Amino acid sequence: MRNSLARAVFIHRLGEIRDRTYENQQHRASGLNLLVTAIILWNTRYLERAVAALRQTGDVPAQLLAHLSPLGWEHVNLTGDYIWSAERPATERRDGFRPLRATPDTARKAA
């Protein structure tokens, strides 16, 4: 599954590293690994928050948690324009996180 995530991140180059020098190839591969790791970290942090929110409303069976994986990327914009602006922060929350999307009741129905 990690390789699928890496392929999805690297798709705009059709999965090919076209740099001629070994050093540039290493930079490309390192950059890809950094991006994949950042996505996995982001997903892990939000999964942790989602499980904590569910635990506040009730019991979360451990056998369900064993099936979670931080390797999904459907919610990540892998193509397009990214605009970083100091005047307009990405979140207004002090903890730096965006709010969770689903309410605990919605998540319970899905399980």
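Colleague: What should I know before we start?

Modeller: This is a predicted model, so local features need pLDDT of at least 70 and side-chain atom pairs count only at pLDDT 80 or more, while totals for chains, interfaces and linings use all residues. Residues are numbered from 1 along each chain as its sequence is written, and side-chain values use heavy atoms, with hydrogens and water left out.

Colleague: Where is confidence lowest, and where is it highest?

Modeller: pLDDT is the predictor's confidence in each residue, from 0 to 100. Helix α4 (residues 104-110) is lowest at a mean of 53, and helix α2 (residues 22-57) highest at 88. Helices here are DSSP runs of H or I, at least four residues, numbered from the N terminus.

Colleague: Why is the W42 and Y46 pair called tilted?

Modeller: Rings of Phe, Tyr and Trp (its six-membered ring) pair if their centres lie within 6.5 Å; planes under 30 degrees apart are stacked, over 60 edge-to-face, the rest tilted. The centres of W42 and Y46 are 4.8 Å apart and the planes sit at 35 degrees, so the pair is tilted. By this rule there's 1 aromatic pair.

Colleague: How do you know whether Y46 is buried or exposed?

Modeller: Buried means under 20% relative accessible area, exposed over 50%, partly exposed in between (1.4 Å probe, protein chains only). Y46 has 13%, so Y46 is buried. W42, at 43%, counts as partly exposed.

Colleague: What separates W42 and Y46 along helix α2?

Modeller: About one helical turn, because they're 4 residues apart in helix α2.

Definitions and conventions:
Helices (H or I, at least four residues) and strands (E, at least two) are DSSP runs, numbered from the N terminus.
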